[in-house]
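Hi,

Here is the structure I promised to pass on.

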Amino acid sequence: MPFSPANNSVTVRRPFPLSHGTTTLAFIFQGGVIAAADTRASAGGLVACPAVHKITPIHSHLVVTSSGSGADCMLWERILAREIRLYQLRHRRCLSIRGTAKLLSFMLHPFKGTELCVALTLCGWDKEAGPKLIYVCSDGARLQGDVFSVGSGSPYAYGVLDGGLRWSLSKEEAVSLAREAVFRATHRDAYSGNSVDLFHITAQGWSQRKREDLREEYYRDMERREKTVQERRRGTTSEGSG
């Protein structure tokens with residue numbers, strides 16, 4: 001039976017306010033769906049864990065990116081995976097991505113106005129409808145789109161995505177764009193950082209890239225900038241001498 005506020009007689013409040021921070025993103029392109037996220041779990045100004053998993057597979061053709069309270073997100077991801085598996089056993093088929101989002105929205109809606117903090121982006125592939133991206137948050141809101149970025153680093157990620165996202169991107173270009181967006185967000189947002197996880201979802205199912213340390217990407221970016229500056233200086237010097 002899905003959880004509801006009525007099942008809990010006492011609501012335990014936190015002894016102090018706890019702020020959250022993260023960077024997750026997902027977008028659709030001609031080669032499927034890309035989902036990416038950083039790996040830093042923050043608790044206010046504290047880095048609680050540098051190596052969490054913010055992208056969770058639900059079944060072979062569906063993963064979810066999570067933002068909000070780590071405990072709340074983990075609990076509802078498990079509840080969702082359980083309900084999807086039960087549906088599959090009862091009906092001998094997988095629930096559609098839109099149906100999954102609707103089910104999650106209905107389960108979360110009774111908690112509207114409570115301290116529950118969950119924001120999940122469903123990234124998947126339907127056999128009939130193709131790639132799907134649907135955002136569901138803890139007040140039951142449900143939004144479908146082609147690109148989403150959620151978390152404290154999302155304004156920086158959107159800046160990169162808005163400039164480079166096209167339907168015609170190749171897989172390599174899409175992966176590079178997602179990595180760049182997460183990297184720029186973690187560079188500017190103190191609550192995001194450490195590494196980047198990346199998933200690619202197609203009609204054949206999801207695949208995961210090896211986790212990459214963003215510190216190495218930072219040093220590579222610094223080297224590229226230094227080379228660019230040196231090339232410009234050489235060009236200016238040659239023009240002046242000519």
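**What turned up**

The buried residues of helix 3 pack against strand 1 (24-29), strand 10 (147-150) and helix 4 (171-188). Contact here means heavy atoms within 4.5 Å, and helices (H or I, at least four residues) and strands (E, at least two) are DSSP runs numbered from the N terminus.

Before going further, some housekeeping: this is a predicted model, where local features need pLDDT of at least 70 and side-chain atom pairs count only at pLDDT 80 or more, while totals for chains, interfaces and linings use all residues. Residues are numbered from 1 along each chain as its sequence is written, and side-chain values use heavy atoms, with hydrogens and water left out.

Back to helix 3, which spans residues 154-164: Ser 154, Ala 157, Val 160, Leu 161 and Gly 164 are its buried residues. They sit on the same side of the helix because they cover an arc of only 125° around the axis (the arc is that of the directions from the helix axis to the C-beta atoms). For the cut-offs, buried is under 20% relative accessible area, exposed is over 50%, and partly exposed is in between (1.4 Å probe, protein chains only).

Now the charged pairs. Searching the whole structure gives seven salt bridges, each being a side-chain nitrogen of Lys or Arg within 4 Å of a carboxyl oxygen of Asp or Glu.

One of them joins Lys 54 to Asp 38, with the closest N and O atoms 2.9 Å apart. Lys 54 is in the loop between strand 4 (46-49) and strand 5 (55-59) and Asp 38 is in strand 2 (residues 32-38), so this pair ties together parts 16 residues apart in sequence. Both ends are tucked away: Lys 54 counts as buried at 6% relative accessibility, and Asp 38 is buried at 0%.

Asp 197 and Arg 211 form another salt bridge, 2.7 Å from N to O. Asp 197 belongs to strand 11 (residues 195-202), while Arg 211 is in the loop between strand 12 (205-208) and strand 13 (212-213), so parts 14 residues apart in sequence are tied together. Asp 197 is buried at 3%, but Arg 211 is partly exposed at 28%. There is also a network: salt bridges with shared partners join Arg 179, Arg 209 and Glu 212.

Cheers
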